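Colleague: Before we go through the assignments, please tell me which criteria stand behind each word that you use.

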Amino acid sequence: MNPDQLSHSNASNAAISTAFPMTITVAEPLKEFDGTKDAFISYLITTKTTLDTFSSPTVSVRRRFQDFVWLHNSLSRDFAACVVPPLPDRHRMEYITGDRFGPEFVEKRRASLQRFLTRLSRHPTLQKSEYFRIFLESREWNRESSLYRQKKPGDGVFENLGDALLNAFSKLKKPDEKFVEIKESVDKLEENLQTIDRLYQKIIKRQTDLEVDYRDFGSSIAGLGQLETGITAPLEQFGDTISKFADAWKRMTYREENGYLAQIRDYLTYCHCVKNVLKLRDQKQVDFEDLSEYLQNALMERENLMNTGKSSTGISSFLRETVDNIKGVDQEQVKKERLQKLDSKIAELEKEVENSNDVSDQFSLEVAKEYEIFQTAKTIEMKDCLLAYADSHVEFYRQGVELWEEIIPILDDIKFQA
Amino acid sequence: MSDLEDIDPFSDTLPFSDTLPYTINDDSDDSFEKEEENQLISINLNYQPEVKTQFCCQLDRDIHQGDFTIQITGAQKTTDNAGSTFITYTIKAGEQEVKRRYSEFESLRKSLMRLYPTLIVPPIPEKQSFVDYATMQGKAKEDITMIEKRKRMLQSFLNRVSKHPQLSGEHIFHKFMESNVSWNEVLHSYPLSSLPKNILQTSPANLSQSNVSPVNSSAHPPLLTPSPSQQLKKPDPKFIESEAFTRKFSNHISQNMEKTNKRIWKRLGDFSNDYAELGAIYNGFSLNESGDLANAIEKVGQAVDSTYVATGDLISSLEVEFTEPLQEYSQFASVIRQVLNYRHMKHLQMELIAETLEKQKVALDGLEKSEIEAKRIEEVLSNEHVSPASLFQENENNDNYENGHYEELFQNGDASQPTGSGHNKKLSGSKIFSVLSHTIHGIMDVDPEAARRNSIGKTRETIIQLEEALETTTEDLKKISLSIQNDLDRFQRQKIMNLKEMLIAYAKNHLKWCKKNLSNWEEAKAEVEKVQT
């Protein structure tokens with residue numbers, strides 16, 4: 001069973017509701033322009049939807065990886081407060097080794113792309129974006145997408161965005177409790193997932209070795225059957241049972257590696273995206289806090305000017321005053337001019353602070369909502385993931401029970417033949 | 001099994017053993033024992049286990065009662081008076097309970113092998129090899145595991161012996177398990193004290209039918225020891241096949257089956273540890289989540305934990321029910337090889353005796369012929385008319401004769417000097433050697449004629465002895481081959497049954513493991529399905 005088929009079938013069951021008005025499948029990878037240096041893989045995207053913004057309830061198009069990148073970048077640019085799900089890593093080993101058309105790589109990518117679109121489809125804001133609609137149904141792809149295409153320096157805006165925000169979280173004067181908590185919980189989630197990833201790589205190797213060990217043992221039993229001519233048949237069957245048992249190990253390992261582990265890794269990248277958005281939110285708050293500080297300083301300056309007739313104190317102002325006196329400058333006039341300047345600066349700052357506050361508040365609200373969406377998505381996705389995981393084990397042990405139950409009566413029948 | 005090389009019949013290379021005729025241990029004042037000894041000597045080859053009615057002791061009775069098992073109930077560290085520490089194993093058999101150490105088990109086994117060279121004596125666990133020490137991690141842990149394993153395997157040894165049709169009746173085996181019996185005493189009393197060092201020197205103790213000691217008495221014919229590298233002139237095809245099969249079997253078990261089995265066993269251990277770690281991770285993970293999802297993750301963690309536990313059980317069951325019996329059979333293969341080797345040597349021995357007998361007969365023939373010839377010459381020489389020359393012509397046809405022949409000729413020739421010296425000139429070069437040897441012999445032997453007569457006498461005696469020996473060994477070889485064949489058949493039956501049990505155990509343990517894990521993972525899956533989305 002395809003590792004993702006299970007999660008997909010669950011998705012289709014949950015689908016057609018208001019929260020999930022669409023189901024999308026990514027299938028039928030096809031190599032186009034095979035034999036030329038421009039060869040690429042295209043995927044068939046089929047959408048079933050109840051949204052009336054779409055031209056029909058079922059649409060199908062073919063898209064290639066580059067097109068997914070356009071979609072991702074456009075959404076990231078225009079919906080900065082949203083957590084846009086990640087795309088599979090572009091710079092994979094397979095590109096370097098030249099195996100980007102190999103069946104395993106293509107399948108992994110297909111599954112990842114499907115997760116990407118499914119997550120988008122569940123996002124209340126992003127699912128309604130025009131970019132998404134164009135991607136899913138446009139028959140005039142080149143024309144429509146180029147309307148929105150912007151040249152960015154270097155390919156892979158995703159990476160640039162990610163790189164730029166890989167800096168540490170900004171230091172806040174008044175950290176928002178709620179978002180501190182959110183960050184911590186995402187951190188913990190990441191940590192858990194990373195530990196599972198690390199340990200599972202070890203387990204995958206272990207199980208692969210175990211599979212080989214069982215096969216070797218099976219053939220040694222069959223070999224014994226060749227020597228002991230009275231029991232050749234039952235021993236051969238025993239060897240066969242073991243060989244099938246090894247096959248079952250192989251299947252489970254495959255499902256774990258290509259299903260469970262792939263999903264865990266994908267989910268880790270999703271967590272990174274959330275952290276990036278959190279960083280952005282913090283940044284907005286920092287902007288506001290910085291501006292507020294400027295405003296405070298300006299107000300204090302005005303205070304001082306009003307009270308002491310001096311816009312500032314200290315040696316430099318004393319010197320300037322003395323010079324002014326010598327020059328015969330009119331102190332009152334100077335004071336009036338300075339006040340005027342300050343007032344306009346203050347008025348400007350007040351406007352900016354208010355603006356920044358609005359932006360920050362608005363952004364925080366969005367991000368809070370995004371986190372809720374993320375949490376809901378997490379529950380759905382982790383459930384799917386764990387279900388497939390548990391199922392791969394159940395399948396393995398069920399096969400095991402069958403195999404071992406089958407061989408016991410055959411062994412029981414062994415009688416000594418002189 | 002390096003320990004058992006001492007059993008190697010070729011450890012003593014003397015052709016004739018000079019051990020004394022048997023002596024009864026004077027310390028034994030138990031008259032009951034003497035009675036047993038007589039019974040021992042006449043062990044019937046046509047032993048039918050079903051009809052055993054005579055028992056030598058209570059244990060013997062118990063063993064043949066049916067469902068009798070021997071148990072090793074404990075292992076303790078003991079220190080003796082000299083201050084050395086060792087482990088003693090407590091054996092419980094019927095009413096008897098006794099403590100024995102490993103070296104005593106070893107000597108019991110050696111003794112059985114020497115008393116019953118035609119039977120396949122079950123193996124005991126080997127002395128710890130260097131490799132075993134090297135792969136140990138943590139002394140305390142390894143002590144317990146190794147001791148437990150030894151307990152099991154020594155117990156298996158005792159039970160296998162008690163189920164063997166012939167070995168089960170052996171009284172020294174009963175003595176081994178009897179309370180308050182000093183094993184040292186047993187070793188130094190009959191019958192063990194009277195076995196020769198080289199068992200090839202005698203008929204096999206278990207097959208001798210004479211009422212005299214099976215060991216060398218003055219009446220026993222001397223048996224020659226063949227060289228192990230010699231080839232059989234007329235090998236028995238059935239046993240050649242058995243030898244070849246045993247080699248193949250031995251190789252397959254130790255090189256193939258034991259190795260691949262051990263790999264699985266080790267890898268399952270690693271897998272089990274991985275899962276222990278994984279379970280802890282899932283449990284930690286569930287603490288960071290909430291609601292249904294936390295429950296689901298926790299349940300998955302529990303399934304992982306129980307897989308870890310179940311795998312531990314699988315590993316230890318496989319060790320006891322599959323790996324250890326497999327090891328026994330690997331050792332059995334060596335035992336069979338030794339038994340077949342014993343027969344092979346006996347066969348070589350028989351051929352050697354036959355060959356030597358032939359040579360002696362030929363020699364005797366030659367000596368007798370020269371004796372006749374000498375008499376003839378005497379008679380002839382007493383008649384002066386015959387010329388020595390015609391004598392020579394006749395005798396030239398008999399070049400194979402011993403030098404003694406020519407000696408006689410010249411002796412008589414000397415007596416009649418004038419005629420003799422003239423003939424010396426007619427001698428060809430090839431006969432110069434005989435002239436020289438005559439001179440030498442003239443110096444050495446006072447009376448060559450007497451020497452020849454002596455030779456004839458001795459050769460006749462030797463021939464009689466060799467004929468006896470040939471008869472004995474031929475008879476022995478027949479009995480040995482029959483006994484071995486029977487025990488091989490019995491062993492083959494036992495082996496198939498054991499293999500069947502081992503494989504069933506392998507399958508059943510895996511089935512149990514799969515069933516346990518299946519139910520736990522189905523529970524986990526059900527819990528995950530409960531998650532509300």
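Modeller: Helices (H or I, at least four residues) and strands (E, at least two) are DSSP runs, numbered from the N terminus. This is a predicted model, in which local features need pLDDT of at least 70, side-chain atom pairs count only at pLDDT 80 or more, and totals for chains, interfaces and linings use all residues. Residues are numbered from 1 along each chain as its sequence is written, and side-chain values use heavy atoms, with hydrogens and water left out.

Colleague: What makes A:F318 exposed?

Modeller: A:F318, which lies in helix α10 (residues 315–327) of chain A, has a relative accessible area of 57%; exposed means over 50%, buried under 20% and partly exposed in between, with a 1.4 Å probe and protein chains only, so A:F318 is called exposed.

Colleague: Why is helix α2 of chain A described as largely enclosed by the rest of the structure?

Modeller: Because 11 of the 14 residues of α2(A) are buried, among them A:F65, A:W70 and A:L75.

Colleague: What makes β1 and β3 of chain A edge strands?

Modeller: The open sheet has the order β1-β2-β3 in chain A, with antiparallel pairing. β1 (22–32) and β3 (58–64) each have a single partner strand, so one side of each is left without a neighbour in the sheet.

Key. Chains lettered and ligands numbered in written order. Pairing = 2+ DSSP bridges.
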